[in-house]
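Reader: I'd like to go through the labels on this one and hear what stands behind each of them. Can you take me through it?

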Amino acid sequence: MKLKSLLAIAFAAIFFAGGASAKSLVVYFSRAGENYAVGNISEGNTAIIAKMIAAKTGEDIVEIIAQKDYPENYKACTDVAKDEQNKKARPALKNKIDISAYDTIYLGYPIWWGDMPMPVYTFLEGHDWSGKTIIPFCTHEGSGLSGTESRIRSTCKGAAVEKGLAVQGKVAQTNRSAAQKAVQDWLLKLGK
């Protein structure tokens, strides 16, 4: 009888601590093509960081894909992004991302015009975030997280939002070892 009680207590401790049942997902939006400070790239800056996080944590990974592709040309892309931002657009997504089986979402995005790209808002507004944890990360060229942690908090009612990571896009593209170190140090600070 005592053994059964001890096993039940041990199981409950693991379950309620998030042990066996806690699952995380790396979700990101990224764009290849012509980018500021790095020229034409075949893999987006945020995609690089997202894949590093997934590799370090062993978590599942999925990309947010807008229904309509953004222009390859940097200036044309920034014009579209600014127009979407001004209109508070919520571009349709090609893929449906089911987060129901996950407790924690690592959320990655580039900083466009001081904010997350509008497809990220489409993704965020399409889910119930109650009881989930969001851990943001971004790529940028000088603006850092640009206040996006508080915007995520406002958009995702009921979610806990942890301290985010900001990596310069140029570093992601041209200095992978520095980017890896930034990711590793950040994950250690988060206890991951």
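Author: Here is a run through the labels, each set against its cut-off. This is a predicted model, where local features need pLDDT of at least 70, side-chain atom pairs count only at pLDDT 80 or more, and totals for chains, interfaces and linings use all residues. Residues are numbered from 1 along each chain as its sequence is written, and side-chain values use heavy atoms, with hydrogens and water left out.

Reader: Fine. What is the secondary structure of the protein chain?

Author: Seven helices and eight strands.

Reader: Why is Gln85 called buried?

Author: Buried means under 20% relative accessible area, exposed means over 50%, and partly exposed is in between, with a 1.4 Å probe and protein chains only. Gln85 has 16% relative accessibility, so it counts as buried. Gln85 lies in helix α3, and its contacts (heavy atoms within 4.5 Å) include Trp112, Trp113, Asp115 and Met118, leaving aside neighbours within four places in sequence.

Reader: And what makes Tyr74 partly exposed?

Author: Tyr74 comes out at 32% relative accessibility, so it counts as partly exposed. Tyr74 is also in helix α3. With neighbours within four places set aside, it is in contact with Arg31, Glu34, Asn35 and Tyr36. Tyr74 and Gly39 sit 35 residues apart in sequence, with their C-alpha atoms 8.8 Å apart.

Reader: How much of the protein chain is buried?

Author: Buried residues make up 44% of its 192 residues. Cys77 is one of the buried residues, because its relative accessible area is 3%. Cys156 is buried too, because its value is 0%.

Reader: What makes something a cavity here, rather than a pocket?

Author: Both are found on a 1 Å grid over the protein atoms alone: a cavity is a set of points where a 1.4 Å probe fits but cannot get out, while a pocket is an open set with protein on both sides within 12 Å along at least five of seven lines; lining residues have an atom within 4 Å of a point. Grid points are joined across faces, edges and corners, and the volume is the space filled by probe spheres set on them.

Reader: Which residues line the largest cavity?

Author: Ala81, Glu84, Gln85, Trp112, Trp113, Met116, Pro117 and Met118. Helix α3 (residues 74–86) supplies the largest share of that lining, three residues. By class there are six nonpolar, one polar and one charged, where Ala, Val, Leu, Ile, Met, Phe, Trp, Tyr, Cys and Pro count as nonpolar, Asp, Glu, Lys and Arg as charged, and the others, Gly among them, as polar.

Reader: What about the largest pocket: what is its volume, and which residues lie nearest its centre?

Author: Its volume is about 460 Å³. The lining has 21 residues, with Tyr36, Tyr74, Thr78, Ile111 and Trp112 nearest the centre. Helix α3 gives the most, four residues, and the classes divide into eight nonpolar, eleven polar and two charged.

How values were computed:
Helices (H or I, at least four residues) and strands (E, at least two) are DSSP runs, numbered from the N terminus.
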